[in-house]
Amino acid sequence: MTLPWLDELQARLSDLDTRHQRRQRRAVQAGCGPEMVVSGPDGPRRLLAFCSNDYLGLAAHPALAAALGEGARRAGTGSGASALISGHHLAHQRVEERFGALLAPHIPNCRALLFGTGFLANTAVITALADRDTAIFSEALNHASLVDGVRLSGAIRHVYPHADIEALATLLRASTAVRKMIVTDAVFSMDGDLAPLAELLALAEEHGALLLVDDAHGFGVLGPGGAGSLAHFGLRSQHLIYVGTLGKAIGVAGAFVAAHEHVIEWLVQRARPYVFSTAPPPALAYAIDAALDIVGGASGDALRATLALRIARLRAGLDVHPWRLLPSSTAIQPIVIGENSRTMAVAAALLADGIWVAGIRPPTVPAGSARLRVTVCAAHSENQIDRLVAAINEQASNDRSRIERSC
Ligand SMILES: Cc1ncc(COP(=O)(O)O)c(C=O)c1O
């Protein structure tokens, strides 16, 4: 006799198939880079990849790999315990101090705290600070980790429409909650645009609210020295809580929270994902340290300049009508196609051409706005960008012809 639960799961999986929402993993061999070798039914294939968040091309950088190896030789592979028991290592401390110093121009009395992932960091901050007496004002396009943090916290939840400052101001004015927190991505992960952080901060200050900024896609890429979105907008306030993640432009893994020292000390004492989770391997902190040397130095500036050139080349070359290239200046360049099935068919056609671009469907994006999420890296060559542009333009042109024929 089968367990009814398993039958139900099988039916739900079939339903995902019907709605073209069943997702698949591909096993990558060797490192992340512009060209990736992936396992397939007919053996390994080399693909030109535009789907990673490795914006500066550091994920397979030899200096980071060497630092990781050195860290493992000195400190082993595991931290052995949560940070509050015995898992906090000098290497963790060193990078926390670097993050604290980096964000100090933007947050008075700034201190930073390292987490195993950005997902953990976001849920930790929100659940440690917000409770039933807190009203949270959450951007409609926020990342799932912020959404889940808000749900877990039990706070009063207000979702404001994407980038709609007026709507947010109205909600804030109407709220009688004791504590208020505005929560936003800095760079929207599926749209690539930037949140209006200066306006959000002005509202936070006016209403005595905290402003939590998730800069997963900005840290390392935006602002002088890659210091992130607060540096990009030139902001400074004790209302700011900043989350930078380390698995994207920084090329390693993990995240940090930077905030006023009282906030950070409260997280150390009370944030459950911090208190009750094994500290990240110290060796990762060695690699993060090496990445920060690159990101904050002259080679980081050169990588960001190259990235900007590649983004501009892509946008100048694309001709995607009847689809829509969203107005993004970041490395995330979404092309909205609409239907799930059509989006996945285009992604499959690109793949047949040896080009790997992620097709993104609901629930990651709203229904009817399935898209190709093209991500550009500094490591892409001009030729590689041109190859992508030609392949996407050809697919769009096929769609144009199909529409003309059906008229
Ligand atoms: C906006 C945003 N925030 C947070 C995260 C989670 O970070 P991490 O991958 O380190 O868990 C991601 C993506 O992974 C993201 O895109």
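1. How many nonpolar, polar and charged residues does the shell around the ligand have? The shell has two nonpolar, nine polar and three charged residues. In this classification, Ala, Val, Leu, Ile, Met, Phe, Trp, Tyr, Cys and Pro count as nonpolar, Asp, Glu, Lys and Arg as charged, and the others, Gly among them, as polar.

2. On the basis of the note: the model is predicted, so local features need pLDDT of at least 70 and side-chain atom pairs count only at pLDDT 80 or more, whereas totals for chains, interfaces and linings use all residues. Residues are numbered from 1 along each chain as its sequence is written, and side-chain values use heavy atoms, with hydrogens and water left out.

3. On the surroundings of the ligand: 14 residues surround the ligand, and the closest are G118, F119, D214, H217 and K248. A residue is counted here if one of its heavy atoms lies within 4 Å of the molecule. Helix α5 (residues 118-129) gives the largest share of this shell, three residues. Helices (H or I, at least four residues) and strands (E, at least two) are DSSP runs, numbered from the N terminus.

4. On polar atoms at the ligand: a polar backbone atom of G118 lies 2.7 Å from an oxygen atom of the ligand. For F119, a backbone N or O atom is 3.0 Å from an oxygen atom of the ligand. The side chain of D214 has an N or O atom 2.5 Å from a nitrogen atom of the ligand. Of the 390 Å² of accessible area that the ligand has on its own, the protein covers 81%; such areas come from the Shrake-Rupley method with a 1.4 Å probe, and for residues only the protein chains shown count as cover.

5. On N122: this residue lies in helix α5. N122 is buried, with a relative accessible area of 1%; buried means under 20%, exposed over 50%, and partly exposed in between (1.4 Å probe, protein chains only). A polar contact of 3.0 Å joins the side chains of N122 and D214. Such a contact is a pair of N or O atoms within 3.5 Å; within protein, one must be able to donate a hydrogen and the other to accept it, and residues adjacent in sequence count only if both atoms are side-chain atoms.

6. On T375: strand β15 (residues 370-375) contains T375. T375 is buried, at a relative accessible area of 0%. A polar atom of its side chain lies 3.3 Å from the backbone nitrogen of C51.
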